[in-house]
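Subject: Structure for you to look at

Dear colleague,

Here is the structure that I promised to pass on to you. Please open it beside this message, and read on once you have it in view.

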Amino acid sequence: MSTMVSSLHIVGQAALTSIGLDAAQTCAAIRAKIKRFTPVEAQLLEHEEPQVGAQVAADRRLRIDERQWLLNLAAAALVQCSPRSDCALIWQVPEPSRAHPLSAGIEDDALLAELVALLGVPLSAHSRVIHSGAAGLVEGLAIARELLDAGEVARCILGGADSLLRKPDLDRLAREQRSLGPGRSQGMVPGEGAAFVVVARSPSEEPSLRPAIRGLGLGFERKSVLSREPSVGDAFVQAFEAAIQDAELEEAEIDFVAGNFNGERYDAWETTHAHARCYRTRRERLPTLWPARSTGDMGAAGGAMALIAASEAIAGDYAAGPNATVELRSEGELRGVVVVCADRVRSA
């Protein structure tokens, strides 16, 4: 007997990062363990290591207006998705706590209108903006599922553009001892970039089919990195169990994990506790894919980048297996898990 779990099919993807001009280049660089970390601030002392970041290669003059920089990054990546009027854009922007000039003090409709004007292509009126960080991708996928089921749109584009290389973000991360730098061997590398995925209810007609999204789960973590209290992964356990149930899979069927892990101490602490509680089947190891090792932490865009990396690994047949969980963490409370599987009918 065969069963087909209700799925969202990944029919397109786009990226613009420090290591690639599109998703294929970026994923190839991740697979090859290539990184492009460069100094982002002046060296204070002669023998001191400067703080590093993962910058998108661009003329410095394009960065003068921080708001326009992210709008341009988003538009440049979105063009790769071939947007059209029957597509809804679910756009992730920096979380409100960061007060980023892209989205602070502007209405969502006005912000979308600016991006549409840059694209020169109309988008569905069902497009919207999400302010909940990297894990907001899971919220967006749930919205996409509803829109597609209702026949409101043909496709949904999800993702965003972000940069943690603004001076206010760099200063905050250094002050909170979260970034890799002088005297801190355990920390994140701030990055920037854009990443988007395109989903539909029907699979792509292209010969090389992308994997399908089979399960979604969300949780809310009271002890986030912003609270300065250590987490034991309660929200991830909640999100994981919901996603596995939604996908109609068993925990033992998960072959590898991907996520927006960034290497900072809080991230490692929460992940270790969550994995010990979620993956109970005996394994020699739990293969883990974390794009930030090459791209740096891409902020709100890191969720889509992690999903793209997992999708590309499965489609390219170099993943540890056909089934993955994509674990996404926002700076705030939101935690999300996406179950991604090879796009095929499973035997029951």
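Below is what was found, together with the meaning of each term.

This is a predicted model, in which local features need pLDDT of at least 70 and side-chain atom pairs count only at pLDDT 80 or more, while totals for chains, interfaces and linings use all residues. Residues are numbered from 1 along each chain as its sequence is written, and side-chain values use heavy atoms, with hydrogens and water left out.

Let me begin with two helices; helices (H or I, at least four residues) and strands (E, at least two) are DSSP runs, numbered from the N terminus. The axes of helix H1 (residues 23-31) and helix H9 (residues 302-315) come within 10 Å and cross at roughly 75°, where axes are lines fitted to C-alpha atoms, for helices over the stretch in contact, and angles run from 0 to 180 degrees between N-to-C directions. H1 and H9 are therefore roughly perpendicular to each other, a term that covers angles of 65 to 115 degrees. In their contact (heavy atoms within 4.5 Å), H1 contributes Ala 23, Thr 26, Cys 27 and Ile 30, and H9 contributes Met 305, Ile 308, Ala 309 and Glu 312.

Next come the rings. A pair of aromatic rings is described by the distance of the centres and the angle of the planes. Rings of Phe, Tyr and Trp (its six-membered ring) pair if their centres lie within 6.5 Å, and planes under 30 degrees apart count as stacked, over 60 as edge-to-face and the rest as tilted; by this rule the count comes to one aromatic pair. The centres of the Phe 240 and Tyr 279 rings are 4.9 Å apart and their planes stand at 65°, so the pair is edge-to-face. Phe 240 belongs to helix H6 (residues 234-247), whereas Tyr 279 is in the loop between helix H7 (265-278) and strand E11 (288-289), 39 residues apart. Both Phe 240 and Tyr 279 are buried, where buried means under 20% relative accessible area, exposed over 50%, and partly exposed in between (1.4 Å probe, protein chains only).

Finally, please look at the backbone. Most residues other than glycine have a negative phi. Lys 33, although not a glycine, has a positive phi of about 60°; Lys 33 lies in the loop between H1 and strand E3 (38-39), and counts as exposed at 61% relative accessibility. Ala 99 likewise has a positive phi, of about 50°, and is partly exposed, with a relative accessible area of 48%.

Technical notes:
Angles under 35 degrees count as roughly parallel, over 145 as roughly antiparallel, 65 to 115 as roughly perpendicular and the rest as oblique.
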